[in-house]
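Open the model in your viewer and keep the selection tool at hand. The stops below go one selection at a time.

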Amino acid sequence: MSNVDPKTKVTAAQTRKNIAAYQALTNMPDYKANNPAHSREAAEAAYQTLIAAERKAVIDKATSAASDDAVVSARRGLQDVILGVKLEAKALYGPSSDQVAALGLKKKSEKAKKSKKAKVKKTEG
């Protein structure tokens, strides 16, 4: 039977205390547990499992960060190329071509022209 509810969240501070207790246990040559689940070997196995899990978490986090960086870089690379393609298409086909529209740009002929607003004189009255 476990001493800890499976739903219990063990804090980093408690884990540090548990590691300190484990290290103290390693300096007790006369420790003999009645319950094998609380033996020196069980403590060593639990400690090594923790160390391996933490090492894996660090590696996974670093790998994830590197993967995220690769995605950001790839997105930026595609953006750069597509912007160049759009500029080239305007130069090759003209700003009002169907090819430019196919790339997601508005044809120059379809852009709304800015209208000049007539100045309205204020009348006092």
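Select Y22 and Y47 to begin: both are buried, where buried means under 20% relative accessible area, exposed over 50% and partly exposed in between (1.4 Å probe, protein chains only). This is a predicted model, in which local features need pLDDT of at least 70, side-chain atom pairs count only at pLDDT 80 or more, and totals for chains, interfaces and linings use all residues. Residues are numbered from 1 along each chain as its sequence is written, and side-chain values use heavy atoms, with hydrogens and water left out.

Stay on these two rings. A search of the whole structure finds one aromatic pair. Y22 and Y47 form that pair, stacked at 4.3 Å centre to centre with 15° between the planes. (Rings of Phe, Tyr and Trp, the last by its six-membered ring, pair if their centres lie within 6.5 Å; planes under 30 degrees apart count as stacked, over 60 as edge-to-face and the rest as tilted.) Y22 lies in helix α1 and Y47 in helix α2, so the pair ties together parts 25 residues apart in sequence. Helices (H or I, at least four residues) are DSSP runs, numbered from the N terminus.

Next, select S39, in the loop between α1 and α2. S39 is buried, with a relative accessible area of 12%. Leaving aside residues up to four places away in sequence, S39 touches Y31 and A33; contact means heavy atoms within 4.5 Å.

Conventions. Helices (H or I, at least four residues) and strands (E, at least two) are DSSP runs, numbered from the N terminus.
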